[in-house]
Amino acid sequence: MKIEHVFKNNENWIKDKLKVDADFFNKMGKGQNPEMLYIGCSDSRVTAEEVMGLGPGEVFVHRNIANMVISVDLNVMSVVEYAIQHLKVNHVVVCGHYGCGGVMAAMQSADLGLLNPWLRNIRDVYRLHKKELDAIADEHKRYERLIELNVQEQCVNLIKTAAVQKAYRERNLKVYGWVFDIHSGELIDLKIDFEKILSNIMEIYHLD
């Protein structure tokens, strides 16, 4: 890929948009009103809007290595707060994907330098679900199950936040866990039981 190709692609993209709607960019300049916050992986193969068939202005997106929601990460917490409190999204999605390099790295015992503290959060997911994961003999299936469980635990981390709890009480906001299958292109709903998780953790994590 040559950088100059990016600018040529941009010119073509502008032309294509204006052919369909001559007022496209004027509309886009008036602001955004997305219904969904999507928290996904930085993997270059997983493009949020394209995977969901959505366009500009329809989804607020945050991406990081292995789609993590870590309470001390000011980046993701700022995105969550802004999307829920100011943009008033009603759907928050954590979307992992099969073939995730971050989860694969967390399954190794290698020292990865600066990545270590980040990957430790995924290793904590393994520790929480060690009995189930260790019972899976096939290493690839174990890897894919950890990807799913990591999505689940990041949903739990979202449900622990004051912003999510408040929006649930005020306007019935929901949290969803998905996995993107890079081998088929399919989005898989893990059917996270939002209400059950919320009920189970409220004794400890309830925030007025």
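User: At what relative accessibility does phenylalanine 25 count as partly exposed?

Analyst: This is a predicted model, in which local features need pLDDT of at least 70, side-chain atom pairs count only at pLDDT 80 or more, and totals for chains, interfaces and linings use all residues. Residues are numbered from 1 along each chain as its sequence is written, and side-chain values use heavy atoms, with hydrogens and water left out. Buried means under 20% relative accessible area, exposed means over 50%, and partly exposed lies in between (1.4 Å probe, protein chains only). Phenylalanine 25 falls in the partly exposed class because its relative accessibility is 28%.

User: Which helices are tied together by the aromatic pair of tryptophan 13 and phenylalanine 25?

Analyst: Rings of Phe, Tyr and Trp (its six-membered ring) pair if their centres lie within 6.5 Å; planes under 30 degrees apart are stacked, over 60 edge-to-face, and the rest tilted. Tryptophan 13 and phenylalanine 25 form an edge-to-face pair, with 5.5 Å between centres and 75 degrees between planes. Helices here are DSSP runs (H or I, at least four residues), as strands are (E, at least two), numbered from the N terminus. The pair joins parts 12 residues apart in sequence, because tryptophan 13 and phenylalanine 25 lie respectively in helix α1 (residues 3-20) and helix α2 (residues 24-28).

User: Which residues form one aromatic cluster?

Analyst: Phenylalanine 24 and phenylalanine 25 are also an edge-to-face pair, at 4.9 Å centre to centre and 90 degrees between the planes. Phenylalanine 24 is buried, at a relative accessible area of 16%, whereas tryptophan 13 is partly exposed at 36%. One aromatic cluster is formed by Trp13, Phe24 and Phe25.

User: Is asparagine 116 buried or exposed, and at what relative accessible area?

Analyst: Asparagine 116 belongs to helix α6 (residues 116-128). Its side chain makes a polar contact of 2.7 Å with that of aspartate 111; such a contact is a pair of N or O atoms within 3.5 Å, where within protein one must be able to donate a hydrogen and the other to accept it, and residues adjacent in sequence count only if both atoms are side-chain atoms. Asparagine 116 counts as buried because its relative accessible area is 19%.

User: In β3, which residue is the bridge partner of methionine 36?

Analyst: The open sheet has 5 strands in the order β2-β1-β3-β4-β5, with mixed pairing. Two strands pair if DSSP finds at least two bridges between them. Strands β1 (residues 36-41) and β3 (residues 91-97) run parallel and are joined by 5 bridges. In β3, methionine 36 has as its bridge partner histidine 91.
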